[in-house]
Amino acid sequence: MRTLIQRVSEAAVRVDGETIGAIDQGLLILICAMKGDTNADADRLASKISKMRIFTDENGKMNKSVLDIGGSALVVSQFTLSADTKSGNRPGFSTACGAEEGKAFYEYFAKAMADTGVPVETGSFGADMKVSLINDGPVTIWIDTDQWT
């Protein structure tokens, strides 16, 4: 799985002008299921993200997790994280899971994230979404579970 995590003061996702998910302080998690991913990858990723110490403590050091601060997560599917830009000017997306499998992994990951104790809001898989956020820091972190092996 590939994910881009952004520490936010607030974030929201809209579809057809209607807000379908919104959070205050927490994490915007853009996620893409890749071919070969497993539920174990999603579980490990959710656990890692929920415990990642990227929020500041009373001394201004990044020592607190989203759980520690009582923050939330907005989980948004984004297949374009699979972009292959090695050749040409048009990215390829053939390494992403197909739509049905991708949706199942997206929903599984959102539930796994919620199971860690982090309140979760979601986007709408496959929809044309408008995502807004205020990146706090800015703090933006890339994770690819393929790099864990």
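**Exercise 1. Work out, for strand 6 in this predicted model, which residues lie on each of its faces and whether those faces are covered or open.**

**Exercise 2. Find which strands pair with strand 6, and follow the chain from strand 6 to strand 7.**

Solution. Take strand 3 (residues 26-32) to start with: it runs parallel to strand 6, and six bridges join the two. Within this pairing, Gly26 has Ser72 as its bridge partner in strand 6. Then turn to strand 7 (residues 120-122), which is also parallel to strand 6 and pairs with it over three bridges; here Thr122 of strand 7 stands opposite Val75. To get from strand 6 to strand 7, the chain passes through helix 3 (residues 99-115), making a β-α-β crossover that is right-handed.

**Exercise 3. Describe which elements supply the largest nonpolar core, and examine the surroundings of Met113.**

Solution. As background, nonpolar side chains in soluble globular proteins tend to be buried together. In this model the largest nonpolar core has 25 residues, of which Met1, Leu27, Ile29, Ile49, Phe109 and Met113 touch the most other members. At least two residues each are supplied by strand 3, helix 1 (39-51), strand 6, helix 3 and strand 8 (129-144), with the largest share, five residues, coming from helix 3. As for Met113, once residues up to four places away in sequence are set aside, Met113 touches Ile29, Ala46, Ile49, Ser50, Ala73, Val118 and Val120.

**Exercise 4. Locate Ser82, decide whether Ser82 is buried or exposed, and list its contacts.**

Solution. Ser82 is placed in the loop between strand 6 and helix 3. Because its relative accessible area is 1%, Ser82 is buried, the cut-off being under 20%. A polar atom of the Ser82 side chain lies 2.8 Å from the backbone oxygen of Phe79. Apart from neighbours within four places in sequence, Ser82 is in contact with Arg2, Cys32, Met34, Gly92, Phe93, Thr95 and Ala96.

How values were computed:
Residues numbered from 1 in each chain as written. Predicted model: local features only at pLDDT ≥ 70, side-chain atom pairs only at ≥ 80, totals over all residues. Heavy atoms only, no water. Buried < 20%, exposed > 50% of the residue type's maximum accessible area, 1.4 Å probe, protein only. Helix = DSSP H or I, 4+ residues; strand = E, 2+ residues; numbered from the N terminus. Pairing = 2+ DSSP bridges. Right-handed = clockwise from strand over helix to strand, strands pointing away. Core = buried A, V, L, I, M, F, W, Y, C linked by side-chain atoms within 4.5 Å. Contact = heavy atoms within 4.5 Å. Polar contact = N/O pair within 3.5 Å; in protein donor to acceptor, adjacent residues only side chain to side chain.
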